[in-house]
Structure formats: structure tokens, C-alpha cells
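Here is a set of questions and answers for a first look at a structure. Keep the view open and follow along.

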Amino acid sequence: MSVTATFRRESELVVIVFEDHLGRQYSETFMGASLTDAQIQARADARALEVAESLAQAEFEGLL
Amino acid sequence: MTIYYLSSVDGSNASDGLSWANAFLTFKYAVETASAAASGPHTLYVDSAHSEDLSGATTVTAAGDIRIVCVNRSGGDAPTTGAVVGKQSTSYNLILAGACEVYIYGMTLQNGTGSSSVLVHIANQDGSHYELENCTLFSSSTGSAAAITFGIAGSTAGSFVKLRDCTLRVGATSGSLTIYNITHMVNCTLSASGSSPTTLIKSGSTGANLRAEGCDFSHLGGNTLVGEMTASGMMRFVFVNCKLGASTVMLAAPTSVLNLSTVEVVAYNYDEGDEHFRFYHGDSFGETYSTGTVYLSDGAAYDGTNKVGWQIVSRASNCSFYTPYVSPWIDVFHSGTAQIAPYFEALRSGSTTKYQNDEVWAEFSYQGTSGVTKASFVWDRMAVLGTAADQTASSLGASDWTGEDASNNAYMQLGEQNLTPAEIGHIRGRVVVGEPNITVYIDPKIRGLS
């Protein structure tokens, strides 16, 4: 299960969009005005790994 | 009421537990014996010097109501802190159960310092009611699923846990809280002496309902407050007047249960600093944040002076015209009974294209029928199987809003349907988003009331 993460800024908010290998998208947000783009991308990449684990687990449990 | 005594300093389970000189030795034996004694509820005094290693997984099942108070044995038995159960170097579950009412003051409860996935588990029985004051719950084990758990799993089970002035601490970044049933926290703190959990509330189920009032979870930093919930049963987590970390993720991206059957998070007046009245609502379809950055200059003000807008962001998954994200209600008392057309001012930042009425709309409720309290509803949503149309253009623009895109914006009015209240009462409005992965700003002030 591979998941990529991109982000966009919406005022103070950062919206991270995760996309899995089937093109399905998921998103979450946080207040990230004080963070640099590099910091956000690093954080998004770390979360992408967790999301991939979550998806893999869900697939194993038959939830997907 | 009888007073029982517990001390690892000089106690013995062969004693009768009725004085310090005849104190019990172990927590499990003392609680189960004292709670089973006739003519209760009784009180168990726990020596503040009590320091107990568990020799295996331990379930303490109270047989009846009991009060357990850590006391200063050499200081007139005044309530204090210091007693510890479960500090051994091996991971063991420490489970507190019993279908009765249990009060605990001043104790530290741990699950060992090993590396196994074990629990400090409070109220693990149908009918359990536990209230803890000035206690520390420390999931000291570093196992990947080690956790502090409240309540009992199971769709037909019910339990209640209340924590007041308690400290929550985890021994690894994988440490977390699991919430079942009803849990209340008042003035509790996530200890900065422990690890900062990657996700604080990692799982729950069966109608989990957490209400945290005046709690400090700022040790979370940029980690996640509420993780994805994959278990069945709606869970609701409410945070009131709490301190959170800078850039905390309030609710993790839903990935496996992409509908509204699982989780809702609401936070009132939360911040890592001192920005008052910050508000949040989130579920699997979208999120609403209050914002002091994008607002209407004559719009809503949280303190009569400082303006506030609402930023509504739909999730990238599953939100649709037929299954939309719905913001919380905005209320205003209205004493008139003449025809009105309430609406919200709305902004799309970064695009001059107006949202259409299958993407964003507003719904209002009012007292539309005489003689009953039942509300009537209007909205400006596209008709089912209808043709989408642009939302109404607003007469307001760039000079009226603050914080929007430098050049590309669309200004709209949402709602504006004629209605006639039959009685005085509340006009309530909310914004609905039927398109995934979009953002709309609104002024959270109901206009058009005259």
C-alpha cells in the first residue's frame, strides 16, 4: 500500500491530501501558519506512512 | 462505614486490614475484600508510601461501592498522593472492574515498564462507575498498543469514568487513550514528563463519549488529538476550554470508514496560546474552524470587537451533494413574526467562480407553525436531480472582507429564502458543503432578519 501526500495552504490552515495507489483521496487539516513548506511536507510524508498502515490494516480487516 | 488500611511497607493480606498495624499488603486483595464487606460502602486508606509491583496481569474487581483514598499515614491520614501500583519492570495489564461505584484519590496506576502492549484499564465492566481525583494514570509500558483505557467494549455494555485533576502519561510515542462509553475529564493534563503520543485518542467504540473540560493536552504538539476510528458505533469527543498543542491535528483523515457513522469532534475555546473562542467541528466529511484571519469587517465578533469568520473545509473523500458535510448550527433569537429572508455572507478565496447550489448552500430553521415547538426549514440547495445554479452574488466585496486572496475571490450569499415565523424563537442557520475537497469562508452571523 503506497500513499503520497501533498498539501495546500488555506489561510492559517494546512490541508494535507493523501492519495493511495488506487487514486483514492483522503484529507486532514491543521493550523500550520507558522510552519515552513519543508516542515509541512516532512510532516505530511510521515503521516502518509501512517495512513498507508491504516489502509493496509483496514484492507486486512475487510473494511475496504 | 468501616475504614480499611493498605500499605506495602508493613502490611499483610493475612491481617484484617482494620488498622495501620494490621494493614493489607496488596491493592487487589484490599479492594476486593473491603468492597465485599457487609454494610458498605467502606473506605480504604492507602499509605502514600505504598509501592506495589504486580506479579502478573491483574484485574481488581470491586464487589460493591468503595472509596479508596491515598493518605499521609504519618500526617493524620490527610489525603495526599504517592501510592503507586504497577511500577514493576515487566508489562502487565492493570484492570479495574466491578459493577459498582468506585472513588479513587491520589493514586498512581501503571502497567509496568516493559515493552509489551498492556493496559491501564479503568471501569472494564458493564455497570462500572469510576471517579478518580488527583490520580496519575501512567501507561509506562512501551508496547506499540500499550494504552490507558476507559470503559468496557461491547455494544450492550455501559460504564462511566470521571477524572478530575488527574495526570495522563504515556511511556512511548505509540501510547494512547482508548475511550469506550462515557468518560468525563476535568482539569486533567497530558504529562510532559512522558512521551508525546503520535495520536492521543487512538481508538474507541460503542458510543464512546468524551467530554474534556479545562484540560491541558499541549504536550501533543503537532501530533493528532483524535485518530481515525475504525470501530463500529458513533463516537463523540468534546473539548471545552482546553489547551492544545501548536498545529495539533484535531481529527485524523478518515480512510476506511468514509461516512458519518464513526466520529465527531467538537472543541470550544481551545488554543495553544491565548486566542480566545477558537472553535472547531470535524467529522468524516469535513471540518469547521473559526478564524481570526479571514472575516467580514462588519461581521460576527467573538467579544464585541474582534472579528471572527468560519472556514469550512470538506474532506477529499466521500462528501457529496447527497451526503454532504454539515456545519454546526448558528443561533440567533428573533422576536419578529414578519416575513424575512435570512442568509450568510460567504467567500470563495482563490477563485472568481461562485460556488453553485449543489456545492455549497445554507439551511435555516425557524418556528414556522403556531402552537407547536417543532421547527420549519428552508434552504437554497439545488433540487434533487435538478440543474445547478450559481449561488447569489453578494453586494459585498474585497473592501468588506479581510484576509481573502489578493485578487481572485467570489462573494456570495447563502440561504436567502423567504420565511415567516409564526412565533418568536430562534432562527438557526448552518452551512452545507456537497463537494469534496473545497473551502468556503462564511461570516457566522445570520443576516436578513429585518
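Q: Which residues does B:Asn357 contact, leaving aside its neighbours within four places in sequence?
A: This is a predicted model. B:Asn357 sits in the loop between strand E30 (343–349) and strand E31 (360–366) of chain B. Leaving aside neighbours within four places in sequence, its contacts are B:Phe321, B:Asp380, B:Arg381, B:Met382, B:Thr387, B:Ala388, B:Ala389 and B:Gln391.

Q: Is B:Asn357 buried or exposed?
A: The relative accessible area of B:Asn357 is 12%. Buried means under 20%. B:Asn357 is therefore buried.

Q: What share of the contacts in chain B between residues at least 6 apart in sequence joins residues at least 24 apart?
A: Take contacts between residues at least 6 apart in sequence. Count those that join residues at least 24 apart. The share is 74%.

Q: Which are the edge strands of the open sheet of six strands in chain B?
A: The sheet has the order E3-E7-E10-E13-E16-E18, with parallel pairing. An edge strand here pairs on one side only. That picks out strand E3 (51–52) and strand E18 (189–190) of chain B.

Q: What is the bridge partner of B:Leu137 in E16(B)?
A: Strand E13 (residues 136–139) and strand E16 (residues 167–170) of chain B pair in the parallel sense. Four bridges hold this pairing. In E16(B), the partner of B:Leu137 is B:Leu168.

Q: Which residue in E36(B) is the bridge partner of B:Val332?
A: Strand E29 (residues 330–334) of chain B runs antiparallel to E36(B), and five bridges join them. Strand E28 (residues 325–326) also pairs with strand E36 (residues 425–433) in the antiparallel sense, over two bridges. There, B:Tyr325 has B:Val433 as its partner. For B:Val332, the partner is B:Ile427.

Q: What is the bridge partner of B:Glu363 in E36(B)?
A: E31(B) pairs with E36(B) too, in the antiparallel sense. The pairing has six bridges. In E36(B), the partner of B:Glu363 is B:Arg430.

Q: How many residue pairs are in polar contact across the interface of chain B and chain A?
A: The contact takes 33 residues from chain B and 25 residues from chain A. The area buried between them is about 2,200 Å², with 49% from carbon and sulfur atoms. No salt bridges are counted between the two chains. The number of residue pairs in polar contact, both at pLDDT 80 or more, is 14.

Q: How many charged residues are on the side of chain B that touches chain A?
A: Strands E22 (249–251), E25 (286–291), E27 (309–314) and E37 (439–442) of chain B each supply at least two residues of that side. The residues there include 13 nonpolar and 16 polar ones. The charged ones number four.

Q: Why are A:Arg47 and A:Glu50 separated by about one helical turn?
A: A:Arg47 and A:Glu50 form a salt bridge, with the closest N and O atoms 2.6 Å apart. A:Arg47 counts as buried at 11% relative accessibility, while A:Glu50 is partly exposed at 29%. They are about one turn apart because they lie in helix H1 (residues 37–60) of chain A at a spacing of three residues.

Q: Which helix holds both B:Lys28 and B:Glu32?
A: The side chains of B:Lys28 and B:Glu32 meet in a salt bridge (2.9 Å, N to O). B:Lys28 is partly exposed at 34% relative accessible area, and B:Glu32 is partly exposed at 24%. They are four residues apart, about one turn of the helix, in helix H1 (residues 27–36) of chain B.

Q: How many residues apart are B:Asp53 and B:Lys87?
A: A salt bridge joins the side chains of B:Asp53 and B:Lys87 (2.7 Å, N to O). B:Asp53 lies in the loop between E3 and strand E4 (58–61), and B:Lys87 in the loop between strand E7 (84–85) and strand E8 (94–97) of chain B. The pair links distant parts of the chain, and the separation is 34 residues.

Definitions and conventions:
Residues are numbered from 1 along each chain as its sequence is written. Chains are lettered from A and ligands numbered from 1 in the order in which they are written. This is a predicted model: local features need pLDDT of at least 70, side-chain atom pairs count only at pLDDT 80 or more; totals for chains, interfaces and linings use all residues. Side-chain values use heavy atoms; hydrogens and water are left out. Two strands pair if DSSP finds at least two bridges between them. Contact means heavy atoms within 4.5 Å. Buried area is the accessible area (1.4 Å probe) that two parts lose on being put together, summed over both. A salt bridge is a side-chain nitrogen of Lys or Arg within 4 Å of a carboxyl oxygen of Asp or Glu. A polar contact is a pair of N or O atoms within 3.5 Å; within protein, one must be able to donate a hydrogen and the other to accept it, and residues adjacent in sequence count only if both atoms are side-chain atoms. Ala, Val, Leu, Ile, Met, Phe, Trp, Tyr, Cys and Pro count as nonpolar, Asp, Glu, Lys and Arg as charged, and the others, Gly among them, as polar. Buried means under 20% relative accessible area, exposed over 50%, partly exposed in between (1.4 Å probe, protein chains only).
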